[in-house]
Amino acid sequence: MCVDLRSMEYYEVEEVVLNLGEKKYRAKQIYNFLAKGVSSIDEMYTLSKDFREKLKERYYICKTDIYHKLESNLDGTRKYLIELGDGNLIETVLMIYKNGPSICLSTQVGCRMGCKFCASTVDGLVRNLTPGEIIGQMITVQKDLGERIANIVIMGSGEPFDNFDNLVKFLKLVHEDYGLQIGYRHITISTCGLVPKIREMEKLGIPINLAISLHQVEQNKREEIMPIAKVYDIEELIEAGKHYANVTKRRVTYEYALIEGVTDSLEEAHKLGSLLKGSLSLINLIPINPIKEKSFKKPNLKRVQAFQKVLLNYHIITTVRRELGSDINGACGQLRRDVINRDKR
Ligand code: SF4
């Protein structure tokens, strides 16, 4: 069985090179080619033909090709559907900020977490992405953009901590000296609340930014929209978030989706404020994008501002997620579902 070169750390590529009787520096050449986005070993033109043939017998480069792309005329946001080697499609989003481009990566095809407001979970989990497929999204989009991407949010389809080992390997790959060289502090991982994995991440000591998708403050209501709350309750989750912040000295972001009539009452804002008051935290309010398969609605601006004001009075930094690419936007996972449904027809 062939092994994916993109899923290999630098020392592993060095071992491959030495085992095939080549000089060590060939590993650097291979790694540079991978970072530039070659899609086949044949494109590694500085390697001898003989060495390329030997490599191809046992190794390959996983496919992460652009299948469909939408670009916002308003702010340059790009939404990509990336095709994998087995024909599965995943969403990757590129956002253009003042401090440079930022990419939102997927970690799974589909998701099994079942959050009621999310299109990615409608058909459940199909499979985990390999480390090479996670980094491959970044390499493909960077090549298409023609510019370095220095900030990563892992917030696309899938629960990153449900694919923990591949996620950790991806973090090592993306940080490698001869690869993309992304600083850990430029990476944010968002979880719906897998408490043991938050602790495991903390113990690993990789200084990434943690974001927790909270979305509800009352246990029974959170269980209704996020089934994971039945396994790890809100108290354990907040405790894990606060512990992470205390140990790492990094501010934890709490994502809170505002859904009209479901999560947007001022009473809930007060409860949220009391829960996080005094901790090293930031609340990011996300007025939700409607999903065709669900009946949730976005609250109006006045309602959003009133919610934010309550939290600011608790002295908690509170932002409202700026809507990027509103002309191409849709809920997370919606583009994938639309294209799959279109292609079925
Ligand atoms: S919000 Fe995230 S964790 Fe929840 S179902 Fe969607 S992709 Fe999965």
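Me: Buried means under 20% relative accessible area, exposed over 50%, and partly exposed in between (1.4 Å probe, protein chains only). Which is Glu 159, buried or exposed?

Reply: This is a predicted model, in which local features need pLDDT of at least 70, side-chain atom pairs count only at pLDDT 80 or more, and totals for chains, interfaces and linings use all residues. Residues are numbered from 1 along each chain as its sequence is written, and side-chain values use heavy atoms, with hydrogens and water left out. The relative accessible area of Glu 159 is 3%, which is under the 20% limit, so Glu 159 is buried.

Me: Where does Glu 159 lie?

Reply: UniProt, in an unreviewed entry, places a "binding site" feature at Gly 158, Glu 159, Ser 190, Ser 213, Leu 214, His 215 and Asn 289. UniProt positions follow the numbering used here, feature names are shortened, and annotations may be inferred rather than shown by experiment. Helices (H or I, at least four residues) and strands (E, at least two) are DSSP runs numbered from the N terminus. On that scheme, Glu 159 sits in the loop between β9 (151–154) and α5 (164–175).

Me: What does UniProt list for "binding site" around Cys 111, and what is the relative accessibility of Cys 111?

Reply: The unreviewed entry lists Cys 111, Cys 115 and Cys 118 for this feature. Cys 111 is in the loop between β7 (108–110) and β8 (125–128), and beyond four places in sequence it touches Ser 120, Thr 121, Gly 124, Leu 125, Gly 158 and Glu 159. Cys 111 counts as buried, with a relative accessibility of 8%.

Me: What relative accessible area does Cys 115 have?

Reply: Cys 115 is placed in the loop between β7 and β8. It is buried, with a relative accessible area of 11%.

Me: What relative accessible area does Leu 214 have?

Reply: Leu 214 is in the loop between β11 (209–213) and α7 (219–225). Not counting residues up to four places away in sequence, Leu 214 touches Arg 222, Met 226, Ile 234, Leu 237, Ile 238, Tyr 254, Glu 255 and Leu 272. It is buried, and its relative accessible area is 0%.

Me: How far apart do the C-alpha centres of domain 1 and domain 2 lie?

Reply: The protein chain is divided into domain 1 (3–60) and domain 2 (74–344), with bounds from an automatic or database domain assignment. The contact takes 14 residues from domain 1 and 14 residues from domain 2. Their C-alpha centres are separated by 34 Å.

Me: What volume does the largest cavity have?

Reply: On a 1 Å grid over the protein atoms alone, a cavity is a set of points where a 1.4 Å probe fits but cannot get out, while a pocket is an open set with protein on both sides within 12 Å along at least five of seven lines; lining residues have an atom within 4 Å of a point. Points are joined across faces, edges and corners, and a volume is the space filled by probe spheres set on them. The search finds two cavities of 30 Å³ or more. The volume of the largest is about 100 Å³.

Me: Which domains does the largest cavity lie between?

Reply: Its lining includes Leu 5, Tyr 31, Ile 135 and Leu 180, with the largest share, three residues, coming from α2. By class there are nine nonpolar, one polar and one charged (Ala, Val, Leu, Ile, Met, Phe, Trp, Tyr, Cys and Pro count as nonpolar, Asp, Glu, Lys and Arg as charged, the others, Gly among them, as polar). Both domains give residues to the lining, so the cavity lies between domain 1 (3–60) and domain 2 (74–344).

Me: Which element gives the largest share of the lining of the second largest pocket?

Reply: The second largest pocket holds about 150 Å³ of space. Of its 14 lining residues, the closest to the centre are Gly 37, Ser 39, Thr 64, Asp 65 and Thr 140. The classes are five nonpolar, four polar and five charged residues. The largest share, four residues, comes from α4.

Technical notes
Contact = heavy atoms within 4.5 Å.
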